[in-house]
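Please open the model in a viewer and follow the stops below in order. Each stop gives a selection and what is to be found there.

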Amino acid sequence: MGYFRNSFLVTTGGLALGALLGWGITHSWAGTLSTIFIVGVLAILEISLSFDNAVVNAVVLKKMTPIWRHRFITWGIAIAVFGMRIVFPLVIVAIITGIDPLSALVMAATDPDHYARVLTSAHISVSAFGGAFLAMVGFKHFCNHEKDVHWIPVIERPLTRLGRIKAIELGVVLLLLYLVSIWLLRHEQFEFLIAGLFGLLTYVAVDGVSALLNVDSALTGEVVQSGAASFLYLEMLDASFSFDGVIGAFALSNNLFIIAIGLGIGAMFVRSLTIMLVERETLASYRYLEHGAFYAIVALALMMFFNAIQHIPEFVTGLIGAGFIITAFVDSIRYNRRMQALKLIAGDPANPIGILTTPTTVEPTRRQFPRRTESSGPQ
């Protein structure tokens, strides 16, 4: 539990701040308790939606130097809470209404209902942008022709072979954007496609910057991954994961600050979980856990696409992602047990080649004596 000590401290402070905010708004104990409850639900919602984000963060974070890990944990949490949970919604509202972000902040504080309506009206663009970015992340993982570990071979092996085709994942995401846009109204199709294209361009830009910042080591000749590139990639990934949660949070509250507190608590727990996965080397211990996370990412991307057509409750998305990760975790445990059993068999000194044998009972042979010849008279 040591990894989550700071998260529990932030939770305590966040609930206290939520109580003060609730009392300041409602001036009643019922309103205060209701605000505390909403903050707790938002935190749980954020954790459930971002559990797979923690696993993917751990995949990248384990390759980073300690100094960049520390920067991601400190700077990253500040960007996640204040940047994505407060500044990002304000920027969206400012763009839609044509006002400056400070005026959008005033609107959020004085007219939260109008602010919520404006922000939720951008769900099509947000779904297309975030879905396109996450879909590229997921398909890039599965369409890797060098990938040799498969959790669900019937799905992953064909995708691995397709990975030999350059930019195949880009073509798949473009096709998905087109197919989803067919079901939208005419004035929504252009908005959806443009936002999706910007999501693809953002992924290409982040991936390109990562490639430029990665350098060859003069000692080993291997590619050394830049901490700055990994940091940028993780922040964009966290932003894409948070899109769905930020928009969906307005179904529970239209107060920007209550939403920021609840989602910020959840983001803190996701950071703590990421640190635990890295330091305990959990991904190396559980073979398919990383696969489950990337399946959850692809599922979340598809849900964001379809959310532009029909609203999908956030808890459904969270349950699907958690289902993939839990199933991958259980299968990893089963795999570890099978490998342990095989090692025990192979390590038997009486059976050096590890072949299962059935013990047989060998009856002892009786000593044979020559029979005495019988005769009627003396010899």
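Select His141, which lies in helix H6, residues 123–142 (helices, H or I, are DSSP runs of at least four residues, numbered from the N terminus). This is a predicted model, in which local features need pLDDT of at least 70, side-chain atom pairs count only at pLDDT 80 or more, and totals for chains, interfaces and linings use all residues. Residues are numbered from 1 along each chain as its sequence is written, and side-chain values use heavy atoms, with hydrogens and water left out.

His141 has a relative accessible area of 16% and is therefore buried (buried means under 20%, exposed over 50%, partly exposed in between, with a 1.4 Å probe and protein chains only). Next, display Lys147, Glu290 and Phe294: His141 touches these residues, if those up to four places away in sequence are not counted (contact means heavy atoms within 4.5 Å).

Move to Thr11 in helix H1, residues 5–26. Is Thr11 buried or exposed? Its relative accessible area is 16%, so Thr11 is buried.

Finally, select Tyr178 in helix H8. Tyr178 is partly exposed, because its relative accessible area is 48%.

Note on methods:
Helices (H or I, at least four residues) and strands (E, at least two) are DSSP runs, numbered from the N terminus.
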